[in-house]
Amino acid sequence: MAKIDMNNFTSDMTAKEVVRSDRKLRIGIIGTGGIANSHIASYLKQPDVEVVAGADLIPGKAAEFFKSHEVEAKDFTDYKEMIDTMNLDAVSVCTYNCTHAECTIYALEHGLPVLLEKPMTVTLEEAIAIREAEKKSGKIVSVGFQPRFDANMQMIKKIVQSGELGRIYYVQTGGGRRHGIPVSWSETFIEKDKAGLGALGDIGCYSIDLVMNALGNPKPLTVSGTATDYFGTTPEAYSQVGKPECAKKFGVDDFASAYIRLEGGIILDFRIAWYMHLDTPGDTIIMGTKGSLRIPSTDCWNGSFYKPMTIYHDVAGEPVQTEIPLLPATKDLFDLKIRSFLDAVITGGEAPVPTSQIIYNQAILDGIKKSSDCGHEVEINIPEM
Ligand SMILES: NC(=O)c1ccc[n+]([C@@H]2O[C@H](COP(=O)([O-])OP(=O)(O)OC[C@H]3O[C@@H](n4cnc5c(N)ncnc54)[C@H](O)[C@@H]3O)[C@@H](O)[C@H]2O)c1
C-alpha cells in the first residue's frame with residue numbers, strides 16, 4: 001500500500017495566534033454546566049483573558065462553578081443582567097440547545113461576539129435569526145466545532161479540495177454508539193424543551209460537519225429523513241448508568257437517518273445513533289469520479305480519528321489503495337477553538353467556524369426533523385443573507 005508524505009500537510013487553522021498585550025479580554029460564560037468546564041479551562045490557559053462573570057438559570061450553580069475552578073468572578077442567574085452590567089468583551093454560550101438562539105441574539109444585540117456551542121440551534125428559523133442579528137451587530141459568532149481544528153479533518157478537506165478524488169457524487173457519513181444515551185452528567189440532553197434534538201443535535205452535527213467542511217459547504221436542497229425514539233423511551237436503555245427513570249423524560253431522537261441532495265448533484269447519505277444493536281452503522285465514505293476516500297468510523301463520532309484513512313483509486317489502470325496515516329494532535333483541540341475565537345475578536349477577523357457555513361448543517365438537521373414529522377421529503381429554503 002502506498003504511503004503519502006505527511007510533511008506535505010499542514011494545518012491552516014492553527015497557524016496564527018495573536019495575544020493582546022494592552023489589556024485582558026473580559027469574558028462571560030452563559031450556562032455553567034458540563035461543557036462550560038472545558039471553556040473555562042481553556043480560557044484560563046490564555047494570558048490575555050480573564051473570565052469575569054458567569055450566568056446559570058439554576059441558582060447557585062454559577063457560583064459553585066467558579067469555586068470549583070478557583071476563579072474570582074461574579075455569578076448571575078440572569079444572563080441579561082450579566083451582559084448589561086459586566087462590561088464584557090465576549091461571551092461563550094454553553095447553554096442547552098433550546099436557549100442557544102436567545103442568549104446569542106441578546107449578546108449580539110449588546111455588541112458582544114459569541115463563541116456558541118454546537119449544534120448552532122435547534123431549528124433553521126433560529127439559525128436564520130442568529131445570522132440576521134450577527135449581520136446587524138457586525139460582531140462574530142463562531143460555532144463550537146472543535147474537530148475542525150484536527151489535522152486529520154483538515155486533511156480530509158485538503159484531499160477533497162485538491163481534486164484528487166475527481167468530482168464527488170456520493171457521500172455517506174454518520175456513526176453512533178451501541179449503548180450511549182448521554183445522561184451520566186446531565187439529563188438535559190434527552191429533554192425536548194431543553195435539547196430539542198437528540199443524537200441528531202449531539203453527535204449527528206459533527207458527522208455532517210466532517211463532510212460538509214470537506215466538500216466546501218454545498219447548499220443542501222432537499223431532505224428525506226427519519227428521527228426515531230425506540231430505545232430512549234425504555235428503562236432498559238439506561239441500565240448501564242442505573243437511571244431507568246430517564247425513560248419517562250426522553251423526548252428527543254435516539255436514531256436518525258436521511259438522504260440529502262446537495263448542490264452540485266452530490267448525494268449525502270446519513271445515519272446517527274445514540275443506541276443500536278450494531279457496532280457501527282458504517283464508515284464515512286466520499287466517492288468521486290477519480291477516487292474514493294474511506295474514513296473509518298469511531299464508536300461515537302465525537303471528532304476523534306483512530307485508524308488511518310484510505311484512498312481507493314486506479315494507477316495505470318490498476319486498482320490501488322493509498323493509506324493516509326493518522327496525523328498526531330500537536331495541541332488540544334478545545335484550546336485551539338478558544339484561541340482562534342479570541343484571535344478573531346482581537347483582530348476583528350472572520351469567525352473561525354462561521355455561521356455562514358454552519359447554517360447549512362443546521363438546515364440539514366432541521367430538514368431531517370421536519371421530514372420525519374411530515375413523513376415525506378422536504379425542500380430546504382435558506383434566505384440569501
Ligand atoms: N463541543 C463539545 O465538545 C460539547 C460537548 C458537550 C456539550 N456540548 C454542547 O454544549 C451545550 C451544553 O451542554 P452541557 O453538557 O454543558 O449541558 P448542561 O445541561 O450540563 O449545562 C447547560 C447549562 O446551561 C444552563 N442554562 C440553560 N439555559 C440558560 C439560560 N437561558 N441562562 C443561563 N443558563 C442557562 C442550564 O441551567 C445548565 O446548567 C449543548 O448545546 C451541547 O450540545 C458541546
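Two points before we start. What you see is a predicted model: local features need pLDDT of at least 70, side-chain atom pairs count only at pLDDT 80 or more, and totals for chains, interfaces and linings use all residues. Residues are numbered from 1 along each chain as its sequence is written.

Start with the layout. The chain splits into domain 1 (11-146 + 334-353) and domain 2 (150-329 + 363-374). Those bounds come from an automatic or database domain assignment. Taken over C-alpha atoms, the two domain centres are 26 Å apart. Domain 1 puts 15 residues into the contact, and domain 2 puts in 18 residues. Contact here means that the C-beta atoms of two residues, placed from the backbone, lie within 7 Å. On the domain 1 side, the residues touching domain 2 are 7 nonpolar, 6 polar and 2 charged. For the classes, Ala, Val, Leu, Ile, Met, Phe, Trp, Tyr, Cys and Pro count as nonpolar; Asp, Glu, Lys and Arg count as charged; the others, Gly among them, count as polar.

Now the ligand. Where does the ligand lie relative to domain 1 and domain 2? It lies between them, because both domains give residues to the shell around it. That shell has 26 residues, and the closest are Gly31, Gly33, Gly34, Ser186 and Thr188. By class, the shell holds 10 nonpolar, 11 polar and 5 charged residues.

Next, the sheet. It is open, with 6 strands in the order β4-β3-β2-β5-β6-β7, and the pairing is parallel. β4 (74-76) and β7 (141-143) are the edge strands; each has a single partner, so one side of each has no neighbour in the sheet. From one strand to the next, the twist averages 25°. Some definitions. Strands (E, at least two residues) and helices (H or I, at least four) are DSSP runs, numbered from the N terminus. Two strands pair if DSSP finds at least two bridges between them. Angles run from 0 to 180 degrees between N-to-C directions, on axes fitted to C-alpha atoms, for helices over the stretch in contact.

Look at β5, residues 90-93. On one side, 4 bridges join β5 to β2, running parallel. Ile27 has Ala90 as its bridge partner there. Then 3 bridges link β5 to β6 (residues 114-116), also parallel. In β6, Val91 is partnered by Val114, and Ser92 by Leu115. Which way do the β5 residues point? Ala90 and Ser92 go one way, Val91 and Val93 the other, and all are buried. Buried means 20 or more other C-beta atoms within 10 Å of a residue's own, exposed means 12 or fewer, and partly exposed is in between, with C-beta atoms placed from the backbone.

Helix α1 (residues 36-44) lies across β2 (25-30), β3 (49-55) and β5, at about 170° to β2. Helix α4 (residues 100-109) is mostly covered, with 7 of its 10 residues buried. Among them are His100, Cys103 and Leu108. The buried residues of α4 pack against β2, α3 (79-85), β5, β6, α5 (124-137) and β7. After α4 comes Gly111, with a positive phi near 80°.

Last stop, Glu379. This residue sits in strand β16 (residues 378-379). Buried or exposed? Glu379 is exposed, because it has 12 other C-beta atoms within 10 Å.

Note on methods:
A residue is near a molecule or strand if its C-beta atom, placed from the backbone, lies within 6 Å of it.
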